[in-house]
Amino acid sequence: LVLDMCSGKGYTSTMLSFVFPKAKMIMIDNDWRMNMAHIGHLKNVSFKYANIKTEEFAKWFKETVEAHHNAHLNACASDSKEALFCQPIGCDDKSLIVQVGVHLCGYLSSVATSLFNKNPQVECLILSPCCMPRKSKSRHIVDQARRLGQEPYQMWCWNLFYSIDRVDTRRDLFRDPNLTSRKNQDPKNAFIVAVRKR
């Protein structure tokens, strides 16, 4: 299961649907103006209209990942002569739950890391932060970056990185030099990856 946060029209989910044809993709976005007719042609992709900052969405997210997790645990137990031989998170890769956020704007990146922390069934988070949060929420980050001689975007990414629970989780932060901005200044090309250990 891939949960594509703030998916837009679904470039990420569309590509992943061909790379992983047996996986289920759920695109999530709050823009009701988008024409999503093309999703009907992708058998393993669906779209959910939602604001990820709401408590209602947090509840839906938790219920969705728990249902997927439990369904595969039950399938593993019923298919195995000895249920104890099943892995805690399921018996095959179909049980994996991946949370993706490509170019999440501002505070939405913090929402994504919080959802990952609160839902241990999500095994992997792939996050590419976009712009900084609004000035009222990022002034301390900008000030911290100036004191350390760092660019604010890089400092924002490190703040997100350290907000991810590190217990039983392998974390990484890197910048992709192949992704550049039009002006080639301060490209938003950071990726934060967190993988929970089995």
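Reader: What do the numbers and values rest on?
Author: Residues are numbered from 1 along each chain as its sequence is written, and side-chain values use heavy atoms, with hydrogens and water left out. The model is predicted: local features need pLDDT of at least 70 and side-chain atom pairs count only at pLDDT 80 or more, while totals for chains, interfaces and linings use all residues.

Reader: How many helices and strands are there, and in what pattern?
Author: The chain has five helices and seven strands, in the pattern β-α-β-β-α-β-α-β-α-α-β-β along the sequence. Both are DSSP runs numbered from the N terminus: H or I of at least four residues for helices, E of at least two for strands.

Reader: What makes the pair of Trp 158 and Phe 161 stacked or edge-to-face?
Author: Rings of Phe, Tyr and Trp (its six-membered ring) pair if their centres lie within 6.5 Å; planes under 30 degrees apart are stacked, over 60 edge-to-face, and the rest tilted. By this rule there are six aromatic pairs. The centres of Trp 158 and Phe 161 are 5.2 Å apart and the planes stand at 80°, so this pair is edge-to-face. Both residues lie in helix H5, three residues apart, about one turn of the helix.

Reader: What makes a set of residues a nonpolar core?
Author: The members are buried Ala, Val, Leu, Ile, Met, Phe, Trp, Tyr and Cys residues joined through side-chain atoms within 4.5 Å. The largest core has 33 residues, of which Leu 3, Met 5, Ile 28, Phe 57 and Phe 61 touch the most other members. H5 gives the most to this core, with six residues. Another core, of 10 residues, lies apart and includes Val 2, Met 27, Met 34 and Val 45.

Reader: Which residues of helix H1 are buried, and how do you know where they sit around the axis?
Author: Thr 12, Ser 13 and Ser 17 are buried in H1 (residues 11-19). They cover an arc of only 130°, which puts them on the same side of H1; the arc is that of the directions from the helix axis to the C-beta atoms. The face turned away from this side carries the exposed residues Tyr 11, Met 15, Phe 18 and Val 19.

Reader: What makes a charge sit over a ring?
Author: NZ of Lys or CZ of Arg must be within 6 Å of the ring centre and within 35 degrees of the ring normal. The charged end of Lys 188 sits over the ring of Tyr 153, 5.4 Å from its centre. The charged end of Arg 196 sits over the ring of Phe 116, 3.9 Å from its centre.

How values were computed:
Buried means under 20% relative accessible area, exposed over 50%, partly exposed in between (1.4 Å probe, protein chains only).
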